[in-house]
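Let's walk through some helix packing and charge pairs together, one question at a time. Have the model open as you read.

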Amino acid sequence: MDCPEAIAYRKFTSASDVWSFGIVFWEVMSYGERPYWNWSNQDVIKSIEKGYRLPAPMDCPEALHQLMLDCWQKERAHRPTFAVIVKTLDKLMRCPESLKKIAQNRHQNPLDPNAPDMTQFKTVDEWLNAIKMTRYQENFQQAGITTMDAVTRITLKDLTALGVTLVVTKRKSSTAFKR
């Protein structure tokens with residue numbers, strides 16, 4: 001996906017290459033997942049114009065996702081240069097503890113037709129039923145996750161503690177709950 005100025009004005013510069021680098025970086029960190037999933041080009045363009053940016057891939061260090069977000073600055077003058085990107089990556093490699101903090105993904109893919117509309121559920125049980133995970137109802141109750149607000153704050157670590165097992169299928173590069 002090209003940056004806003006390449007789409008609007010067919011203007012290609014090293015700053016537009018930095019945007020593209022951020023997309024490729026995201027693809028690498030997500031093990032080849034397709035950026036913007038199955039969205040149409042128009043949906044991607046509209047979303048980017050409104051400020052939407054790809055969420056951090058699963059288990060992506062926060063510092064690396066921040067570098068991606070820097071590459072996707074709307075104003076090309078605000079994007080890092082490749083020299084700055086190299087220096088940033090070099091610093092991160094020399095200080096591996098800076099990569100320990102995993103990005104907390106609170107972004108929901110707003111256009112994913114398969115993503116449940118969280119506003120339609122009044123209870124956690126209703127939500128678990130909709131995503132075919134009713135066998136975890138007791139786990140959620142015992143953990144005190146009894147409101148939809150609490151559900152929206154669940155992290156990957158919380159899911160593991162709840163006994164939910166995630167499966168990553170490499171063939172499709174998608175994540176799904178084990179059935």
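Q: Is Lys-101 buried or exposed?
A: This is a predicted model, where local features need pLDDT of at least 70, side-chain atom pairs count only at pLDDT 80 or more, and totals for chains, interfaces and linings use all residues. Residues are numbered from 1 along each chain as its sequence is written, and side-chain values use heavy atoms, with hydrogens and water left out. Buried means under 20% relative accessible area, exposed over 50%, and partly exposed in between (1.4 Å probe, protein chains only). Lys-101 has 51% relative accessibility, so Lys-101 counts as exposed.

Q: Which residue forms a salt bridge with Lys-101?
A: A salt bridge here is a side-chain nitrogen of Lys or Arg within 4 Å of a carboxyl oxygen of Asp or Glu. For Lys-101, the closest N and O atoms of the pair are 3.5 Å apart, and the partner is Glu-62.

Q: How many residues apart in sequence are the parts that Glu-62 and Lys-101 tie together?
A: Helices are DSSP runs (H or I, at least four residues) numbered from the N terminus. Glu-62 is in helix H4, while Lys-101 is in the loop between H5 and helix H6 (124-130), so the parts tied together are separated in sequence by 39 residues.

Q: Which residue forms a salt bridge with Arg-79?
A: Arg-79 lies in the loop between H4 and H5 and its partner in helix H1 (residues 4-9), so the pair links parts 74 residues apart in sequence. Both residues of the pair are buried. The closest N and O atoms are 2.8 Å apart, and the partner is Glu-5.

Q: Which helix holds both Arg-94 and Asp-90?
A: The two side chains meet in a salt bridge of 2.8 Å, N to O. Arg-94 counts as exposed because its relative accessibility is 67%, and Asp-90 counts as partly exposed because its value is 28%. They sit four residues apart, about one turn of the helix, in H5.

Q: Are H4 and H5 roughly parallel or roughly antiparallel to each other?
A: Axes are lines fitted to C-alpha atoms, for helices over the stretch in contact, and angles run from 0 to 180 degrees between N-to-C directions. H4 (residues 62-71) and H5 (residues 82-94) pack at about 175 degrees, with axes 11 Å apart. Angles under 35 degrees count as roughly parallel, over 145 as roughly antiparallel, 65 to 115 as roughly perpendicular and the rest as oblique. The pair is therefore roughly antiparallel.

Note on methods:
Helix = DSSP H or I, 4+ residues; strand = E, 2+ residues; numbered from the N terminus.
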